[in-house]
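User: Hey, can you walk me through this one? I'd like to start with the ligand.
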Amino acid sequence: MSVEKELSEYAAKTARSRTLHEEALAVMPGGNSRTTTFFDPYPFVIQRGQGAHVWDADGVDRLDFNGNYTSLILGHAPPDVIKAVQEAAENGLSFPGPTEHEVRLAEMLTRRVPSVQSIRFTNSGTEATMNAVRLARAFTGRPKIAKFEGAYHGTHDWVMVSVTGEVKGAGSRRRPKPVAWSSGLPPAVLKHVVVLPWNDADACAEILEEEASQIACLIVDPIMCNAGLIPPVEGFLQRLREITERHNTVLIFDEVISFRTAWGGAQERFGIRPDLTTFGKIIGGGLPVGAFGGRRDIMDFYDPRKGGARISHGGTFNANPVTMAAGIATLNALTPEAYARLDALGERLRGGVTRLLAATRRRGQVTGLGSLFWLHWTTEPLSDYRSTKAKDSAAAMRVFIGLLNEGILMTQRGLGACSLAMTDEDVDRFINALARVNARG
Ligand SMILES: Cc1ncc(COP(=O)(O)O)c(C=O)c1O
């Protein structure tokens, strides 16, 4: 079935969402507040979520492998988290001062992630990476930052460079040029962002060493969660750690998504100790959140006792008790057994998809780690952002809409996540639905 046929089936199932979208267009550009969740002709309006399922405004039930872009590791409305939220809310929604909930969540995170000696909360992952980058500049006195081509770190100016988009005109593979990912970025941004190729340690070393005296930090999502979930090749992250350490460049691990892959995050899986780490998504239990933390000597720039904080960090809703309570309840549920279960679900899904693609000779492959997976519609070996660009650029969208028609939700670009609310049968349902979508494609 062509993408047009999949879309017309989608439209037939989502009449009320279309009406609501038309109403929304009158008051919001694009009809919503998240560019990343929009898709043509309109995203369905979500009414309710429970466990592994979401229901839309037309009452259509879908198995949710999106999980609010990987935030809902326990599934929708888990009873213990809802109870914690209710109890916190009954005592007041937000305060002009710290709460015990904030201290407890900070303790839980610093215990899980030994490189994080000291931490602060924000309302989003974007604010977390924005603060981490600012902190690195303050600490080193250097102006530039380095990031990987294809990596997404949120929506502040400094990281909206070389995220998605065409690689034509973006320099060579070994020397990517910074490309603005948004209009409205001041030209100074492109002059201060150095872009690196994933999984090419020698190329990274050359670039980082050439500009070492200017580069404050290297921000790295250790598994490229938004650029195809391309695992680092053996020794790659270790090389980055070694180079950054030698040049006193602050190494920031952006674990906004990858933290969900282990008790202590991806840094535990790979045995790397970054200087700073950013968090988001699961640590707020489904409510708005972010956090950044790391070496105490660096985080001290935020300590107002030491002659006035050298970096000001306000935020009316930072560390609000409702979010903190939801985060505590979520982390309490994430026991070692829970991670083993999440890994098993992810492995079952990746194994099933790999067998399906081999049996049907479909040009595709699946990558991922732990509970995360990414469907690719290319058989080229995957090593970096450029290699993930499928020749058939419509394939991901056709599969996304086709799966929606099968009652399965994932993300438009191919990222998906299993949650603890899922069963083996749910995973098998995904694989069987994908088989049907591919068979008609
Ligand atoms: C790796 C990474 N960093 C930062 C962010 C930004 O987080 P938020 O959407 O909470 O601003 C995201 C969001 O998807 C992310 O995946």
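Predicted model: local features only at pLDDT ≥ 70, side-chain atom pairs only at ≥ 80, totals over all residues.

User: Okay, so how far is the side chain of Asn 226 from an oxygen atom of the ligand?
Analyst: An N or O atom in the Asn 226 side chain sits 3.0 Å from a ligand oxygen. That is a polar contact, because the cut-off is 3.5 Å.

User: What about Thr 126 and an oxygen atom of the ligand?
Analyst: For the side chain of Thr 126, an N or O atom is 2.7 Å from an oxygen of the ligand.

User: And which atom of the ligand does Asp 254 go for?
Analyst: A nitrogen: a polar atom in the Asp 254 side chain lies 2.6 Å from it. As for cover, the ligand on its own has 390 Å² of accessible area, and the protein covers 84% of that.

User: Which other residues are around the ligand?
Analyst: Among them are Ser 124, Tyr 152, His 153, Asp 221 and Lys 281. By class, the shell has six polar, three charged and three nonpolar residues.

User: Switching topic: are the residues of strand β6 buried or exposed?
Analyst: Buried, all of them. Val 193 and Val 195 point one way from β6, while Val 194 and Leu 196 point the other way.

User: How does β5 run next to β6, parallel or antiparallel?
Analyst: Parallel, with four bridges joining the two strands. In one of those pairings, Phe 148 has Leu 196 of β6 as its bridge partner.

User: What do they make with helix α7?
Analyst: β5, α7 (residues 187-192) and β6 form a right-handed β-α-β unit.

Conventions: Residues numbered from 1 in each chain as written. Heavy atoms only, no water. Near = heavy atom within 4 Å. Polar contact = N/O pair within 3.5 Å; in protein donor to acceptor, adjacent residues only side chain to side chain. Areas by Shrake-Rupley, 256 points an atom, 1.4 Å probe, with all protein chains shown as cover. Nonpolar A, V, L, I, M, F, W, Y, C, P; charged D, E, K, R; others polar. Buried < 20%, exposed > 50% of the residue type's maximum accessible area, 1.4 Å probe, protein only. Pairing = 2+ DSSP bridges. Right-handed = clockwise from strand over helix to strand, strands pointing away.
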